[in-house]
Amino acid sequence: MINLTINGLHVSVEEGETLLEAARFLGFPIPTLCYMDGLSPYGACRLCVVEIGEGPKAKLVTACTYPAEEGLMVRTASSRVIKARKMILELLLASCPQSKTIQDLASAHGVRRQRFRQEHEDCILCGLCVRMCEEQMMAKAIGFRGRGQSRSIGTPFDIQSDVCRLCGGCMYVCPACQLRCTYTEPEKAVCGGCENLGPPCLEKEQFDDMMCFMDPCVACEIRKD
Amino acid sequence: MAQGYAMKRRRSIKDFEALQSRIMTDHDDAVPTIVIPAGTCCQASGANDLIRVAKRELLDKKLTDTVRLRITGCQGFCQMEPSVLVEPRGTFYPKVDMKTMARIVECVARDEVLADEFFVTPDTGEQIERQEDIPFFRNQVRTVLGRNEKIDPLFIYDYIKNQGYSNLAKVLKMANPDWVINEVKVAGLRGRGGAGFPTGLKWEFLANQGNGHGKFLVCNADEGDPGAYMDRSVLEGNPHCVIEGMIIGAYATGATGGVIYVRNEYPLAIKHLIVALRQARDLGLLGENILGTGFSFDINLVKGAGAFVCGEETALIRSIEGKMGEPRQRPPFPVQKGIEGKPTAINNVETWANIPIIIEKGAHEFAKIGTENNSGTKIFSLVGKAKYTGLVEVPMGTTIKRIVYEIGGGPVGDARIKAVQTGGPSGGCIPDDLFDIPVDYDSLSNAGSIMGSGGMIVMDDNTCMVDIAKYFMNFLKDESCGKCFTCRKGTQRMHEILDDISQGNATNESLDLLEELAQVVKDTTMCGLGQTASNPVFSTLRYFREEYLAHIQDRRCPSGVCRALITYSINEKCKGCQLCIDACQQDAISGEKKERHFLDQSKCIKCGACKSVCKLDAIDVA
């Protein structure tokens with residue numbers, strides 16, 4: 001067992017556990033976007049940052065990838081952590097406002113506006129779909145390509161992959177997919193998985209009000225356009 | 001030089017030492033030698049033509065027995081390339097053209113010098129003959145770079161003649177790996193890649209890892225900072241010192257495999273490395289059973305595919321494994337789990353090049369150079385608005401002032417030097433009132449910059465700090481691997497705000513947002529690239545906030561760089577020479593000969609072509 005301190009509480013956790021697992025087991029909430037039980041942690045969304053260490057050496061690390069270490073001091077909701085999370089959510093809202101998941105998270109953290117130039121990106125590159133495809137579906141049909149600004153997810157050469165079984169796993173785990181489904185043009189979809197699923201946007205009329213955490217609701221704004 | 005010695009495996013240390021002493025006695029230092037540096041930078045400025053002329057002249061005039069020719073790597077004075085050095089006098093000829101080259105060959109054969117081609121100091125007009133008397137060289141301590149001019153990188157015998165591989169022989173003879181690690185620790189060598197982690201400590205960690213399944217040593221030659229090329233010059237000019245350093249390191253730590261990770265944009269370095277590795281293997285200095293001691297170690301060359309982030313060690317490891325170059329969470333550190341899960345120690349080219357020097361000089365002697373905690377020398381690539389640019393090697397702790405003014409010769413023309421940017425895109429700008437701080441890892445980081453791999457960009461009044469921050473942020477947004485959301489999107493957004501500022505579209509709130517965002521990017525990213533990505537913003541804001549405010553509040557760029565905020569106009573000094581009319585691609589300037597010209601603002605794209613050709617200072621930028 002490993003002894004560490006989480007938010008001032010002395011606890012013991014199993015060796016090999018990550019800080020996220022430890023904190024969640026003990027009931028400390030840590031928001032995540034790119035983490036999912038059953039998939040390997042990746043550390044892409046940075047939402048799960050927690051503060052470790054003390055004094056000038058204190059730093060933020062992602063709880064999902066950082067292993068629990070003996071004697072570690074962890075703070076899951078210090079002012080530095082909260083500030084960082086809010087900024088991350090603001091950045092997310094600025095890029096991908098139409099995601100229900102992101103709107104809910106932002107709302108829960110009291111982020112109700114964003115100060116950047118509004119973008120409408122389909123994907124936050126959390127990599128859940130890539131890991132889902134590789135680790136649970138054993139397919140490796142999709143992956144990352146490019147870097148920096150031009151990083152994207154797709155199949156090799158942008159043609160439907162032979163190893164894709166159209167399971168729809170990628171769509172199922174996607175936290176930003178609400179407007180991404182291209183049901184009407186299945187050939188444009190990342191892996192063609194949509195063909196198997198009832199696309200969530202079909203029932204959009206009903207969800208209109210529920211998405212209005214934002215003022216003005218950006219998703220509605222887009223629809224107006 | 002290569003003739004006469006059999007390229008055969010040396011099976012014992014004694015064998016090797018016999019070869020070395022034979023090479024040294026065979027070589028007559030008094031024979032005049034023409035040294036032509038031909039690194040990538042030298043070749044770009046025309047060194048290949050000089051080599052061709054020199055060879056032809058030597059053959060035509062039948063001088064091949066009396067005059068030697070040596071093609072080496074870059075010597076560092078890149079501003080004056082292509083240059084020629086004549087040994088043993090040490091005569092230095094800057095900016096040599098083909099005709100002068102032929103004359104130099106003639107003169108060398110007659111044991112004369114070409115006084116009219118000497119280096120001239122612009123201020124005093126004084127002619128300086130010998131390389132070591134030129135201020136650029138005189139004020140340096142060239143322990144690593146100084147070897148470049150003595151060695152033809154394609155001939156291992158050249159290196160062996162200059163004490164090469166004798167330090168390896170010394171270590172092998174001593175047969176005490178702990179002693180080597182201790183020497184490196186006592187010498188206080190810190191990683192030259194930028195972070196400054198003590199090399200001896202890293203080696204000790206690696207040596208203490210179990211050796212059941214192999215360990216790796218890596219030479220990180222993925223030098224990607226804009227304007228920095230120290231590692232390239234070392235690899236091109238003296239690949240053997242890196243190889244020798246790695247073999248010594250492997251002996252000390254028990255590593256079984258070595259990798260040199262070099263970026264594919266360095267074809268000459270790759271070529272020289274391939275040749276050097278082959279020659280070292282042929283002589284039995286690398287591979288199985290090195291010099292008959294039973295110790296085996298081999299080095300592979302891995303070429304990077306052009307991603308800046310692959311210089312980060314965990315990304316580099318993934319790249320070597322053939323995966324996508326993106327960093328991962330540490331711990332576990334590479335020294336615990338590196339290439340294919342095996343313990344791996346990664347050091348920079350310059351660090352490896354320093355290892356043979358430590359063994360040769362002794363740790364205590366090495367530690368005397370530089371300052372406490374920052375021992376040895378460091379190579380900087382001094383570029384930008386300095387009079388003399390090139391590679392500069394100085395002891396740690398030398399002040400920026402000394403590097404910029406005494407070695408670099410100060411500003412070009414009348415401009416005032418206002419800052420130096422160190423550490424590449426992840427570094428920061430240091431203003432001129434702090435030029436007295438010593439250049440070492442700790443002082444630079446206290447000043448808000450970093451040592452980095454050693455880039456040093458000099459900036460004068462004509463450089464806009466917002467523009468500089470924007471330039472580096474543009475580089476980082478393209479080179480971020482994109483894994484961490486805050487690094488990918490954060491650098492994009494910071495660039496967006498900086499662009500707004502330079503366009504005059506920003507408000508005071510934008511500046512607050514920029515600072516807030518920069519802090520979060522620094523806090524929440526995984527690897528060194530993201531954690532230091534905010535440095536260009538932080539350091540320019542810390543020292544040059546008034547420039548930002550001038551852009552935001554006055555809609556004015558004080559340095560006359562940001563195009564959206566400046567206008568060009570022609571003042572009364574114009575004599576109507578029509579040079580600017582020819583230079584303007586937009587036909588924005590009109591006017592009769594010998595009459596003051598007129599600039600049409602609606603057509604002007606603010607490229608600055610007119611200003612650069614005007615000899616009368618008649619173009620105003622405001």
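**Sheet, domains and interface**

In chain A, strand 3 (residues 49-52) and strand 4 run antiparallel and are joined by 4 bridges. Two strands count as paired if DSSP finds at least two bridges between them. Helices (H or I, at least four residues) and strands (E, at least two) are DSSP runs, numbered from the N terminus. Within this pair, A:V50 has A:V61 of strand 4 as its bridge partner.

The model is predicted: local features need pLDDT of at least 70, side-chain atom pairs count only at pLDDT 80 or more, and totals for chains, interfaces and linings use all residues. Residues are numbered from 1 along each chain as its sequence is written, while chains are lettered from A and ligands numbered from 1 in the order in which they are written.

The pair belongs to an open sheet of 5 strands in chain A, with the order 2-1-5-3-4 and mixed pairing. Strand 2 (9-13) and strand 4 (59-62) of chain A are at the edges with a single partner strand each, so one side of each has no neighbour in the sheet. On average, neighbouring strands of this sheet are turned by 40 degrees against each other, direction ignored. Axes here are lines fitted to C-alpha atoms, for helices over the stretch in contact, and angles run from 0 to 180 degrees between N-to-C directions.

Helix 2 (residues 79-95) of chain A packs on the sheet and touches strand 3, strand 4 and strand 5 (73-75); its direction makes about 155 degrees with that of strand 3. Contact between two residues requires that their C-beta atoms, placed from the backbone, lie within 7 Å.

Chain A as a whole has 7 helices and 7 strands, which follow from the N terminus as β-β-α-β-β-β-α-α-α-β-β-α-α-α. Among its contacts with a separation of 6 or more, 56% are between residues 24 or more positions apart.

Chain B is divided by an automatic or database domain assignment into domain 1 (29-133), domain 2 (156-363), domain 3 (376-460), domain 4 (465-553) and domain 5 (567-621). The centres of domain 1 and domain 2 of chain B, taken over C-alpha atoms, are 33 Å apart. Between these two domains, 5 residues of domain 1 contact 6 residues of domain 2.

What does each chain bring to the contact between them? Chain A supplies 25 residues and chain B supplies 27 residues. On the chain A side, helix 2 gives the largest share, 6 residues.
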